[in-house]
Amino acid sequence: MSRSNPYKRKPRAARHTTLIVVEGETDEVFLKHLKIHFGKDSGSRVTVKSARGNADAVLKAAINSFEAFDRRVALFDNDWQPQIKHLHAANSRKVLTLRCSPCLEGLLLAILGEQPPRTSFECKQRLEQ
């Protein structure tokens, strides 16, 4: 039989926190879906936010977030190249940049077993169908 006190509070451990900033609503919904299924007992708290814009807006949102996170990730499509000054600012502030080629919708089409088109606009149209 255990000799520990069941009423004694255990010390709380600090959790690792991650901010993921994405371009649009589709990306946000997909990552939140993944977070629900795979992020339960990971020991890390993941926050997903949408910048509702292009790659520059994603990098600005990841850089200018005032909340304290251990790691910041910017996830954007490869169809729009961000400005060099935003990339340098993200690198200096240790923001991890991830590019989807051609876009996240293309990845979803590949998961469904279809050949994704080359442009992100065609991927988005085919995914809507």
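Arg52 is located in the loop between strand E2 (44-50) and helix H2, where helices (H or I, at least four residues) and strands (E, at least two) are DSSP runs numbered from the N terminus. The structure is a predicted model, in which local features require pLDDT of at least 70, side-chain atom pairs count only at pLDDT 80 or more, and totals for chains, interfaces and linings use all residues. Residues are numbered from 1 along each chain as its sequence is written, and side-chain values use heavy atoms, with hydrogens and water left out.

Most residues other than glycine have a negative phi. Arg52, however, has a phi near 50°, a positive value in a residue other than glycine. Arg52 counts as exposed because its relative accessibility is 54%; buried denotes under 20% relative accessible area, exposed over 50%, and partly exposed the range in between (1.4 Å probe, protein chains only). A positive phi, near 60°, is also found at Lys94, which lies in the loop between H3 and E4. With a relative accessibility of 72%, Lys94 likewise counts as exposed.

The largest nonpolar core comprises 13 residues, and those with the most contacts inside this core are Leu59, Ala74, Phe76 and Val95. Such a core is a set of buried Ala, Val, Leu, Ile, Met, Phe, Trp, Tyr and Cys residues joined through side-chain atoms within 4.5 Å. At least two residues of the core are supplied by each of strand E1 (16-22), helix H2 (55-63), strand E3 (71-77) and helix H3 (84-92). The largest share, five residues, comes from H2. Apart from this core lies another, of ten residues, among them Val22, Phe30, Leu75 and Leu108. When neighbours within four places in sequence are left aside, Val95 is in contact (heavy atoms within 4.5 Å) with Ala62, Ile63, Arg72, Val73, Ala74 and Ala90.

In H3, the buried residues are His86, Leu87 and Ala90. These residues cover an arc of only 100° around the axis, and therefore lie on the same side of H3; the arc is that of the directions from the helix axis to the C-beta atoms. Exposed residues on the other side of H3 are Ile84, Lys85, His88, Asn91 and Ser92. The cover over the buried residues of H3 includes H2 and strand E4 (95-100).

Two packed helices are described by the angle between their axes and the distance between the axes. Axes are lines fitted to C-alpha atoms, for helices over the stretch in contact, and angles run from 0 to 180 degrees between N-to-C directions. The axes of H2 and H3 come within 10 Å and cross at roughly 30°, so that H2 is roughly parallel to H3. Angles under 35 degrees count as roughly parallel, over 145 as roughly antiparallel, 65 to 115 as roughly perpendicular and the rest as oblique. Asp56, Leu59, Lys60 and Ile63 of H2 meet His86, Leu87, Ala89 and Ala90 of H3.

For helix H4 (residues 104-111) and helix H5 (residues 120-128), the axes come within 8 Å and cross at roughly 50°. H4 and H5 are therefore oblique to each other. Their contact is made by Glu105, Gly106, Leu108 and Leu109 of H4 together with Cys123, Lys124, Arg126 and Leu127 of H5.
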